[in-house]
Amino acid sequence: RLCELLDNAGRGWRKLAEVAGVEKRFKCSTEELETCSLKVLEPRGSPTQCLLQLLAERDCTLKYLLGCLERMGHTQACQVLSSAVQDMIRITVQPESQVVTKGTQVSLTCWATGPPGLVYQWFCGKREVPGATAPELVIDTATPPGQPEWYICRVNCGATFAFSRWAHVQVEKSSSPSSASGYCPTMVGLQILRQPRPCCLAEGDTLALECTAIGNPPPQYQWFRNRRPVEGAQAPQLQVKLVTTAERGSYSCRVFNLFHEVWSQEVDVEIGEGPVQTFAALPPHVGCSGSALPPPKALLWLPLPPSPIPAATDKVALLIGNMHYLHHKQLKAPMVDVHTLSALLRQLDFKVVSLLDLCKAEMQMAVNEFLLLLDKGVYAGLLYYAGHGYENFGNSFMVPIDAPSSYTSAHCLCVQRVLRSMQQRRTGLNIFLLDMCRKRNLNDDIIPQVGALQVTANIVFGYATCADAEAYELSQGEFSNGIFVTFLKRWLLEDEKITVLLDKVAEDMGTLEITRGRQALELRSNLSERRALTDPIFPPGQDESSARNLQWAKAHVLPESQHLRFDCGITVQLGFAAEFSNIMIIYTRVVATPEDIAKCEAKLTDIPEELEVDLKCTNKESPEEVGSPLAPTWSLGCPSCCLYSRLCGLQKLRQELVFTICLQYRYRGMDDFVEERQTVSVGKPLIAKLNLR
């Protein structure tokens, strides 16, 4: 249907290629466009079909395609694609593998969105679990400990179906060994079940390594060869077909989740030019026939030692975005920019704290906590700031949201002072990305005494604009990046020296017509070594890392989901999601209702006044109504049929977060509603644990 609409229209496939090509990886070459156009000469050829195939091969998502059609103003094509997407079944909440103690109950959850009438069916291995036709499966682990049971859920509507990912439940005699990790009682560690094994192969063989683990949250994987990450190798199994001598080396796998990481054993993969035999069981320098072998130095096909790379134990980042100023122009882009960089930096194994709308005291405390994450052996410390700012006498100042209308350096944070503190922590690489104006502040004639900086040859400054110039944000709706991050995100994952990467960003920014002559990225650096954001990290000893890991983990712990049971027999689920380190979503959902109750609703009330929550944005039926443009990103993990509330400024909490769940319900045959209330305390969530006040 899309082909019919786009093949011959004025706003057709060529326009779609142009709009999609704004994102560099989706840009088609002249030859590719020519290939598409020649499809009209084939009996059933379609230029649109050819273009869609090219976009699909580059991992273009339906969401991005729909956005392109909307920007083209092609209403018909948008309707066709939207209706097709609505008929798809999408798993939004996946079941998670767990290690539990014998005798406890385990709950696995699978939620999906799609057409009306979705049907759930759970399986244990290949066997259907009788009666397990609900999104939640409760398992009794009274059986003796043994091999883990594997579970999966099928969701279907008619002939259309989708499967969740596999989850396995391991029953232990006692609590999980990782429960004593010292982080937090809600965290479960990681355990490697299968280690990779060394192997000897001939050229042309298939290399197959496996590392499987269990944990909660579920583990993620990254394979390394000679201590450098293998591109695209992010599954438990690593398979390389038709190997050559280029694949020989030492392989290991990093297994991690939100709170923990473990490394597999390092194994050698030997690849010879012909059939390879193993000589481990033979006497030294004796071959299979007993003949003398050449000296070891002549065996050129043996693995080479890994090339030296800087020892790195951690990469940490503090991202601050100030938008809602009390006495200055409001900004839109910082929220989206901070969210975008958070996601990208986590892909690069950074520990990220992301915060929005901080006053001066909170900014200073956030920086202090950030400094606690830095220590000798930390590879990179990255500070990103988006908001109002200025530069006087070579010093840059970040403006907090409570700065008065005529602010001076006394009301702001000096970037150079932060740098001096970072140098005292002996961080390997100090990166500052400042997305702010650098105009002179005429109200401030004080020259701050920062003190002498050390000569460390490890400092990189990336300014969104030049000295005495402004930084701009684009007016493209609420969900759009600022100019700096729009170009930075295209290059951030590249394996380049950080200064080379920022040079490429600067070149890209120079192609934007609307800011030419107004805004240009400025790079300052004294970096003497080749250091990149993609450089791998290796776990330090327990004593070295436990303090900073705990400090970081505390700022990312959400309250546990819980079920509230009311006297009338109604059960309400209370769940939580994080948008930033200081913004949390709370959702309520009625999960069990007696037959004699016709209607019920559970609302969040009595929220602490210090959080300054907009009551008009609480208890909303859809995530989009709570006032966050980022709702599509965090709502994927939330079940349907909920009431959502968004709590901002968690750093302002002085006490534990206490609120009330107000349940209103009506019995069948009655007009009046009955009300019950329960007070809930969830401790100090996310960044509130660090007491920034």
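The predicted model holds 23 salt bridges, a salt bridge being a side-chain nitrogen of Lys or Arg within 4 Å of a carboxyl oxygen of Asp or Glu. In one of them, glutamate 266 is joined to arginine 227, with the closest N and O atoms 3.9 Å apart. Glutamate 266 is located in the loop between β19 (261-263) and β20 (267-272), and arginine 227 in the loop between β15 (220-225) and β16 (228-229), so the pair ties together parts that are 39 residues apart in sequence. Helices (H or I, at least four residues) and strands (E, at least two) are DSSP runs, numbered from the N terminus. Because the model is predicted, local features need pLDDT of at least 70 and side-chain atom pairs count only at pLDDT 80 or more, while totals for chains, interfaces and linings use all residues. Residues are numbered from 1 along each chain as its sequence is written, and side-chain values use heavy atoms, with hydrogens and water left out.

Six strands form an open sheet with mixed pairing, in the order β22-β21-β23-β27-β28-β29; two strands pair if DSSP finds at least two bridges between them. At the edges stand β22 (351-356) and β29 (522-525), each of which pairs on one side only. From one strand to the next, the twist averages 10°. Strand β21 (residues 314-321) runs parallel to β22 and is joined to β22 by six bridges. Glycine 321 has leucine 356 in β22 as its bridge partner.

Helix α8 (residues 360-373) lies across β21, β22 and β23 (378-386), and runs at about 170° to β21. Helix α9 (residues 415-424) packs on the sheet and touches β23, β27 (429-435) and β28 (459-463), its direction making about 165° with that of β27. For such angles, axes are lines fitted to C-alpha atoms, for helices over the stretch in contact, and the values run from 0 to 180 degrees between N-to-C directions. Contact means heavy atoms within 4.5 Å.

A further open sheet consists of three strands in the order β24-β25-β26, with antiparallel pairing. Strands β24 (389-392) and β26 (413-414) stand at the edges, each with a single partner strand, so one side of each is left without a neighbour in the sheet. Four bridges join β24 to the antiparallel strand β25 (residues 395-398). Asparagine 392 stands opposite asparagine 395 in β25.

Helix packing was also examined. Helix α2 (residues 13-20) and helix α5 (residues 62-72) pack at an angle of about 115°, with their axes 9 Å apart. The pair is therefore roughly perpendicular, the class for angles of 65 to 115 degrees; angles under 35 degrees count as roughly parallel, over 145 as roughly antiparallel and the rest as oblique. The crossing of α2 and α5 is right-handed. Lys15, Leu16, Val19 and Ala20 of α2 meet Tyr64, Leu65, Cys68, Leu69, Arg71 and Met72 of α5. By class, this contact has eight nonpolar, no polar and two charged residues.

The axes of helix α7 (residues 333-347) and helix α10 (residues 483-491) come within 10 Å and cross at roughly 15°, which means that α7 is roughly parallel to α10. Their crossing is left-handed: a crossing is left-handed if the near helix is turned anticlockwise from the far one by less than a right angle, and right-handed if clockwise. Asp337, Thr340, Leu341 and Leu344 of α7 make the contact with Val485, Leu488 and Lys489 of α10.

Methods: Nonpolar A, V, L, I, M, F, W, Y, C, P; charged D, E, K, R; others polar.
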